[in-house]
Amino acid sequence: MAARGLDTTLPSSFFGLECGTEPDDAKERIKLVGPRRDVMMSMGAGPWMLEKEESIDVIINNLMAEIDEYGADAIGECGFDRHWNYGTIEKQRELFLREIELSKELDLALIVHSRDADEDLLSLLSHFGERTIMHSFSSGVETARKLLDKGAYLSFSGNVTYKANSHIKESAIYCPLDRILFETDAPYLSPVPMRGRPNMPQYTEYTLEFLSSIKGVDKEELEERVKENFISVLKHSESVVKRDIIAI
């Protein structure tokens with residue numbers, strides 16, 4: 001259960017991951033998350049980093065320095081974005097490949113961002129390991145099938161509840177219980193009935209209810225399966241990110 005945008009009202013029963021988006025943000029994110037070890041933290045550099053006047057070498061070096069200082073529970077989010085076309089697709093591919101290799105070197109799960117980029121994503125499928133999480137999955141069943149065959153996990157945001165997104169709903173129905181996750185993508189993609197409001201981790205309750213309904217699975221059972229999947233892909237149940245070096 002990924003949860004970008006944590007706050008002090010986070011339920012005590014919450015268990016999940018606060019997702020990184022760019023190097024140099026760990027210090028503020030750790031202050032936001034606080035000392036809780038049941039909230040994991042990833043470190044990553046998304047394709048939007050290519051809008052900055054930095055080379056890919058500098059981006060990766062900054063990311064590695066942050067991981068050296070604080071640790072990481074996963075790498076990402078990282079990947080492709082053709083909706084906004086950050087930099088060039090060649091540069092997006094180069095940055096993504098560097099982070100894929102970093103996740104393998106560090107033996108960490110990989111969190112993948114892919115927006116309007118199924119063809120680009122699938123072109124790198126052979127590079128993916130089995131500890132891959134498709135963040136805020138929004139593609140159809142054909143892409144879902146290929147990713148699942150490779151061993152990836154599919155994480156669904158609140159947009160699976162939107163009437164116009166039948167293709168995401170179909171992918172969620174298709175996804176087996178041992179490969180499904182859900183998340184916020186806060187402050188975006190609040191689920192129905194909270195659509196239009198800034199998203200929060202508490203709203204994952206609505207996404208969970210929707211997924212349990214369309215998959216015909218008891219809500220408590222699905223929640224427990226998601227927790228098991230999450231621990232399985234991360235390979236640990238408590239965060240390894242250092243909190244004590246920052247005054248929280």
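Reader: Is K52 buried, exposed or partly exposed?

Author: Partly exposed means a relative accessible area between the buried limit of 20% and the exposed limit of 50%. K52 has 38%, so it is partly exposed. Keep in mind that this is a predicted model.

Reader: Which residue forms a salt bridge with K52?

Author: Look for a Lys or Arg side-chain nitrogen within 4 Å of an Asp or Glu carboxyl oxygen. K52 pairs with E22, and their closest N and O atoms are 3.0 Å apart. The two residues sit 30 residues apart, so the bridge links distant parts of the chain: E22 lies in the loop between β1 and α1, K52 in the loop between β2 and α2. E22 is partly exposed too, at 25%.

Reader: Which helices do D57 and R98 belong to?

Author: D57 is in helix α2 and R98 in helix α3, 41 residues apart. Their side chains meet in a salt bridge of 3.0 Å, N to O. D57 has 46% relative accessibility, and R98 has 30%.

Reader: How far apart are R145 and E142 along helix α5?

Author: They are three residues apart, which means about one helical turn. Their salt bridge has its closest N and O atoms 2.5 Å apart. Shared partners join E142, R145, K146 and D149 into one network.

Reader: How many salt bridges are there by this rule?

Author: The count is 16.

Reader: Which residues form a negative surface patch?

Author: D218, E220, E221, E223 and E224 form one. D218 lies in the loop between α7 and α8. D218 is partly exposed, at 45% relative accessibility.

Technical notes: Residues numbered from 1 in each chain as written. Predicted model: local features only at pLDDT ≥ 70, side-chain atom pairs only at ≥ 80, totals over all residues. Heavy atoms only, no water. Patch = residues over 30% accessible without salt bridge, like charges linked within 9 Å, V, L, I, M, F, W, Y side chains within 5 Å. Areas by Shrake-Rupley, 256 points an atom, 1.4 Å probe, with all protein chains shown as cover. Lys, Arg positive; Asp, Glu negative; His and termini not counted. Charge placed at Lys NZ, Arg CZ, Asp CG, Glu CD. Helix = DSSP H or I, 4+ residues; strand = E, 2+ residues; numbered from the N terminus. Buried < 20%, exposed > 50% of the residue type's maximum accessible area, 1.4 Å probe, protein only.
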